[in-house]
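Hi there,

Here is the structure I promised to pass on to you. Please open it alongside this email, and then read on for what turned up in it.

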Amino acid sequence: MNHISFPNIGIDRLPINRVAFSLFGRDIYWYGIIITFAICIAFLIVLRHAKQEYIKKDDIYDLAIWVILFGMIGARLYYVLTSLDQYDNLLDTFKIWEGGLAFYGCIIGGALACVVVAKFKKISFAILFDMLSPAVLIGQAIGRWGNFFNAEAFGSAETLDLFGKTFDVSGVVHAPWIMQIGNQLVQPTFLYECIWDLIGFVLLSILYKKKKYNGQICLWYLAWYGFGRMFIEGLRTDSLYIGSIRISQLVGLLCVVFGIALHFVFLSMAKKRTLAIPFTKREPVTNTEEADLSTSNEQEKQLDDSMQDETQLSDIKETNEPEQTEQEDVTHGENH
C-alpha cells in the first residue's frame, strides 16, 4: 500500500493499493490492467486508420500479435541491458512481474516486428508506422497512470537536469499538482507525459489525412515525443544512465533530430516525386473513379467471356471438320 499526499490542496496520505485483486493466489496489479486497457484502445485506433489506408482487418490482427509480443520483449531487454548491475543471475532477468520495462525498448521491438510483418504481408512499412504512431501516443498517455498506482516515475521538485546542466525549478513546489511521497515533495512527471502525449495524439489525428508522404506521421511522432521526453526525463529521479548522461534524454534528442531532418528530406522528395515506393502516398479513389473502374472491370469480363465463347466454337468446328471429310471420302468411294 502506497500513500500519496497533495499538500498544496489539503489531501493527506491518500491510500493507493498497487494490487487490484487476487486470482488463484496471484496478485493482479493495476499497472497490468491499465497497460492492457491502453493496448486495447491503441488497437482500435489502428483499426480506424487501417480503413483509411485500405488495409484488411485480418492483417491488423496479425500485426497486433507480433507487435505486442516483440514490444514486450524489447521493453524488457532494453531495461535489462541498461541495468545489468541489478541482476545477480540470468534467471532474475526473466522475472518481468517484479518490474523493469523501458518504453524505448518497446518501440524498437515493436518496430522490428512491424517491418517483418509488412514484408510478409506485402504492405508498406511506412504506412504501418503511420497507423501505429497516434495509437502509441494514446497508449502511452493511458499507460502512464500505471506509474501513479505504483508510486513511481516521479520527478524532482528542485532541479531540472538537461544533459548535465542543472536548472533550478524549486518555485514549482507551491503548485497544486505537487505530490508528497513519504517526506519528499515530487513532481508528477507521469502526468506531464500523459498530457503531452494526449496533445500529440490529437495533433497527429488531425494531421493524418493531410500527410504528404507515407511515414510522415511516424516522423512527427518521433519529433513530438522525443522533444517532450527530453525535458520530462530531466526531472525524473529514476533515470537510466550511460556515464553521466540520461539514456532516455539522449534518445529523445536523437528522435527530434532524426524526425525533423528526415521529414524535410522526404517532403522535398515528395514534391519532386522522387520518393521510393514505400513512402509514396496513395491517392484516395473518388466515387467517379470507382464507377469508372467498376465499368472497366465489367467490360473486361464481358470481353473475356466473348473471347472464351469464340474459342469454344472454334474448337467445336475444328473437331467436326475431320468427321465431315471422312464422310465425304466414304461417299466418294461408294460412287466409284
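**What was found**

Helices (H or I, at least four residues) and strands (E, at least two) are DSSP runs, numbered from the N terminus.

Before going further, please note that this is a predicted model, in which local features need pLDDT of at least 70 and side-chain atom pairs count only at pLDDT 80 or more, while totals for chains, interfaces and linings use all residues. Residues are numbered from 1 along each chain as its sequence is written, and side-chain values use heavy atoms, with hydrogens and water left out.

Helix 2 covers residues 57-81, which is 25 residues. From first C-alpha to last, helix 2 reaches 36 Å, close to the 36 Å expected at 1.5 Å a residue (the expected span is 1.5 Å times one less than the number of residues). Among the buried residues of helix 2 are Asp59, Ile60, Leu63, Gly71, Tyr78 and Tyr79.

Arg76 is also in helix 2. Is Arg76 buried or exposed? Arg76 counts as buried because its relative accessibility is 8%. Leaving out residues up to four places away in sequence, Arg76 touches Tyr87, Asp92, Thr93, Phe94, Lys95, Ile96, Gly99, Gly100 and Leu101. Contact means heavy atoms within 4.5 Å.

**Two helix pairs**

Two packed helices are described by the angle between their axes and the distance between the axes. Axes are lines fitted to C-alpha atoms, for helices over the stretch in contact, and angles run from 0 to 180 degrees between N-to-C directions.

Take helix 4 and helix 6 to begin with: their axes come within 8 Å and cross at roughly 155°. These two helices are therefore roughly antiparallel to each other (the term covers angles over 145 degrees). The crossing of helix 4 and helix 6 is left-handed, which here says that the near helix is turned anticlockwise from the far one by less than a right angle; clockwise would be right-handed. Residues making this contact include Pro134, Leu137 and Ile138 of helix 4 and Glu193, Cys194 and Asp197 of helix 6. By class, there are eight nonpolar, three polar and two charged residues. Ala, Val, Leu, Ile, Met, Phe, Trp, Tyr, Cys and Pro count as nonpolar, Asp, Glu, Lys and Arg as charged, and the others, Gly among them, as polar.

Now for helix 6 (residues 189-207) and helix 7 (residues 216-233), whose axes come within 10 Å and cross at roughly 160°. This pair is roughly antiparallel, and its crossing is right-handed.

Phe231 sits in helix 7 and is partly exposed, at 33% relative accessible area. Beyond its neighbours within four places in sequence, Phe231 is in contact with Leu160 and Leu162.

Thr159 belongs to strand 6 (residues 159-162) and is partly exposed, at 35%. Thr159 and Ser170 are eleven residues apart along the chain, with 6.7 Å between their C-alpha atoms.

Enjoy exploring!

Technical notes. Buried < 20%, exposed > 50% of the residue type's maximum accessible area, 1.4 Å probe, protein only. Parallel < 35°, antiparallel > 145°, perpendicular 65-115°, else oblique.
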